[in-house]
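Please have the sequence and the structure open while reading.

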Amino acid sequence: MNFLIEAFKPACSISIKFSDGKTRKRVPIKRENGQTLLAPLFRNQENIAGKITIEPHQGKRIEHNGVKVELLGQIEMYLDRGNFYDFTSLVRELDVPGDIYERTTYPFEFSMVEMPYETYNGVNVRLRYVLKVTVSRNYGGSIIEYLNFLVHNYSPPPSINTSIKMEVGIEDCLHIEFEYNKSKYHLKDVIIGKIYYFLVKIKIKTMDIEIRRRESTVTGATNHVETETLAKFELMDGAPVRGESIPVRLFLSPYELTPTHRNINNKFSVKYYLNLVLVDEEGLRYFKQQQITIYRLPLQDT
Amino acid sequence: MLLIGAEDEEKWLAEGIAGIQHNAFYLHRALDSNNLRDALKYSAQMLSELRTSKLSPQKYYELYMRAFDELRILEMFFKDESKHGVSVVDLYELVQHAGNILPRLYLLCTVGSVYIKSKEAPAKELLQDLVEMCHGVQHPIRGLFLRSYLAQISRDKLLDIGSDYEGDAETVMDAVEFILENFTEMNKLWVRMQLEGPGRVREKREKERSALQELVGKNLHVLSQIEGVDLEIYKETVLPRVLEQVVNCKDDLSQYYLMDCIIQVFPDEYHLQTLEMLLAAFPQVQPTVDIKTVLSPLMDRLSKYAASSADVLTEFLQVEAFTKLSNAIEKVIEMQVDMPAVGAITLYVSLLTFTLRVHPDRLDYVDQVLGACVKKLSSIPKLEDRWATKQLVALLSAPLEKYNDTVTALTLSNYPRVMDHLDNGTNKVMAMVIIESIMKNNTCISTADKVEVLFELIKGLIKDLDGATDELDEEDFKDEQNSVAKLIHMLYNNEPEEMLKIICIVWKHTMAGGPKRLPFTVPSLVFSALRLVRQMQGQEGDIVGEEVPATPKKIFQLLSQMIEALSAVPSPELALRLYLQCAKAANGCDLEYVAYEFFTQVFVLYEEEIANSKAQVTAIHLIIGALQRMNVFNVENRDTLTHKTTGYSARLLKKPDQCRAVYACSHLFWVDGQDGIRDGERVLLCLKRALRIANAAQQMASIARDSSGPLTLFVEILNKYLYYFEKGNKQITAAAIQHLIELINTEMQSDSATSDAFLASTLRYIQFQKQRGGVMGAKFESIKL
């Protein structure tokens, strides 16, 4: 039996190491099986260099048609039968066809790699970056090894960042004005604002603010939208009277947010909304949704 | 469903407590293992129990206290950075991640207090932030407790801030601002409780609200404890802001409680210096607020404060405390149209008490207060309300007690006008109080004007008031009238002229008193007038000019008017006595015709009015006694009068009475003194006549009752004999006496009566005189026993 198991084992082990692997920042990512693991983090137009080591098992000889390493940027649409779309694909040939008898190390480098999109794990779509090493063989199948890594892209603070301010209401029943201090927030930002009650004739029980994420995906001709509520934050308890001003202070850091993504490779978009929800004593909900932009400031990767 | 059973409530409370205990257990574990994340998690869960809406304030308080104790422990943990390794700044953010607002804010306050203490951020900003964030809880009960927690947890820090940096007005102001802000919000929530739910449980709700009032008031208490809050800050910031809130909240319960609270917690000195501002709020409160129970203690406190030292008193004058208070009360009454009379009067009583204590010298103030009260009462003719009456009596009694001198009250022009508003019964009571006060202090009322005022005040006692239908208690009536009689004696002036005026005024008033009162008042007045007569008699040396109105003659005219009125009552016996008194006084003044006139009146009365035989006997003896001493009469007049007297004496109904009157008449002919009449013959005549009557009486007795009457009459006559014998009446001889003694002895033997003590001592007296020797002894020698 041992022999049999030996037979199905890959003939060699492949390890991929980044040249700055020890110093590079690593951030946790969630894998499909729910586990998190730490993956190295890159940003657009960085050099991605390292070494690939192939070590045949127990002195076996590996005959191959060539060794290559690919850097792939992929969008996976769950609704499209799990198809991948590669928006980036770079290849480096590491070895010409031949035999590997012993542990061999190949350095590689992709310089100034264009990685315009961030890694994203959504409900219906996933965007990932991966290094793929292939030892091509004629028989026994090719030996392939993957290494996921992450890409975060930073934005400078927006030059224009107006507040969101709006009066809404139901005639002779409810009239409020809400104000959020900005329309664009970075991931560790705080939403500061207030809700001013001009007129309240209904008995309000609570008021919450929600952060909602709208993920829209395009598969072929169909458009699919998925909305999740990432945060539900109680702003007010009890019924206010006319003239009350209720403060808003919502720290974004506890929530798993991503930057806003607009039309990524014509495949998907991720947008964020602040939803103000008033619930009256009968359980009726009154709400108003405002879009906000979320961006990533440098050094906000934890 | 709306009326929640107490049982259910107990159940919910128990559930809440269980929830808190459960989470507190895990919280303690987390604290012991320095696990901040779990500590935050379990404390938030624990605090979620406070989100309930099912409990009444009392029960909610129980729940709150449980959570509060746990939070103290948590606070200790937050304070010790070495345990959790998170800086207080980060902690302040971290607790704000909680999704539910109530636990979030409790935790924020807890961390906030640690933050302030650490001084890593300006206290002002933190306080501002906390008080602002608490806006998120709009539910009245939950909000009140949350803010109360904030006040509680920040209290020691505030006191530090307010007192630590002496002279740093800005930090003090930060603390003050914070408390005021929190106070304002709490009050708003508190007021809002009233509007919640249907109207029919209003009463219950009010009760619940009262239970929470201390949470609101606590803020003011803290303010008063901050050392840095000096008069300046109080005047410029604290009071205006608090009052603004009080006025604007338009809630009677709140206004009542807060005004009272302000008065109670802040020092008197502050009140005095901000009196105008404070008082200006009162007219603006809701008409249903019971202002009197708030304002009265204020005046009470101020007056006590005024009494504390002389320096303080000058301050009162400087700020014109009285004028301000008086104006405020007037305005309040003006605004609160529906205020019951009792409320207004109570206010005036307080103001008066204040005035009397603070400005005892300012009678005009006192009068002003009374005047204001009259003005208010003018809309109500008579007070029906028992309490209002009681207060009015208090109002009227206060000056009497204070001044110990009723004369002072008499100078208050509004005093009688206030009294007019009392009902008849109370009016009398009040009048009695006034009289008692005069008596107690032995106050002499010495001018006609004052007497006039006084009688105006006590007119309830002097005459029947309009519409007085109430049944009089005989005893009470007597008491009242006796008091009036006593009072008359307190009216006195040395100046005859003024005194006469006084008497005239009193008469003018008393004469309206009717038949029931005159018998009480007239004698006093008569004697008062007679005293004047005697006084003038003593000053006879003075020139008595024609213009002088006060002459004895005039007084006697007045007197006869008075007594005539009395006899018309009718009260003839009393009138008779008074006439005799007057006659005696006229005798002293040497006014023969006047005296004669009085005697004439006496006899007229005797003839026409006195029918009762017993009364007649008494009257005769009185007449005899009076007449005997008269020395102004010429022989003719005297003869007429004595003749009349002896005549009436002999015509009395009962023989013994006749006998006694007749022998008494003998004195009319024998007057001691230099120019007294000594008509021994007529004396003897009287005595003989008396003996005859005594004999007749004796016989009548033996016939009628088959037993001889007592010998008393004879012994009495014997005594008269002895008297004249000693006085040297020549007509009375030892032989006559001897004869009388024998007569008595014979009567005794035939009668076998037991020996008479009177007789025995009479005989012993003769024996004694005999043995005494000297002239008298010689005189008695011839009498043999």
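How much area is buried between domain 1 of chain B and domain 2 of chain B, and what percentage of that area do carbon and sulfur atoms give? The area buried there is about 2800 Å², with 73% of it from carbon and sulfur atoms; buried area is the accessible area (1.4 Å probe) that two parts lose on being put together, summed over both.

## Basis of the model

This is a predicted model, in which local features need pLDDT of at least 70, side-chain atom pairs count only at pLDDT 80 or more, and totals for chains, interfaces and linings use all residues. Residues are numbered from 1 along each chain as its sequence is written, chains are lettered from A and ligands numbered from 1 in the order in which they are written, and side-chain values use heavy atoms, with hydrogens and water left out.

Chain A has a mean pLDDT (the predictor's confidence in each residue, from 0 to 100) of 89, and 96% of its residues reach 70 or more. Among the elements of chain A, the lowest mean pLDDT, 55, belongs to helix α1 (residues 2-8), and the highest, 96, to strand β19 (residues 245-251). Where pLDDT is low, the predicted coordinates should not be read in detail.

## Domains 1 and 2 of chain B

Chain B is assigned domain 1 (1-121), domain 2 (123-266) and domain 3 (267-395), with bounds that come from an automatic or database domain assignment. The C-alpha centres of domain 1 of chain B and domain 2 of chain B lie 23 Å apart, and 32 residues of domain 1 are in contact (heavy atoms within 4.5 Å) with 32 residues of domain 2.

Across this interface the rule finds one salt bridge, a term for a side-chain nitrogen of Lys or Arg within 4 Å of a carboxyl oxygen of Asp or Glu. The side chains of B:Glu75 and B:Lys157 meet in a salt bridge at 3.4 Å, N to O.

## Chain B against chain A

The contact between the chains takes 22 residues from chain B and 20 residues from chain A, and the area buried between them is about 1700 Å², with carbon and sulfur atoms giving 46%. Of the area that chain B buries against chain A, B:His97, B:Gln138 and B:Arg192 supply 27%, more than any other three residues.

The rule finds four salt bridges across the interface of chain B and chain A. The side chains of A:Glu234 and B:Arg51 also meet in a salt bridge, at 3.5 Å, N to O.

Definitions and conventions. Helices (H or I, at least four residues) and strands (E, at least two) are DSSP runs, numbered from the N terminus.
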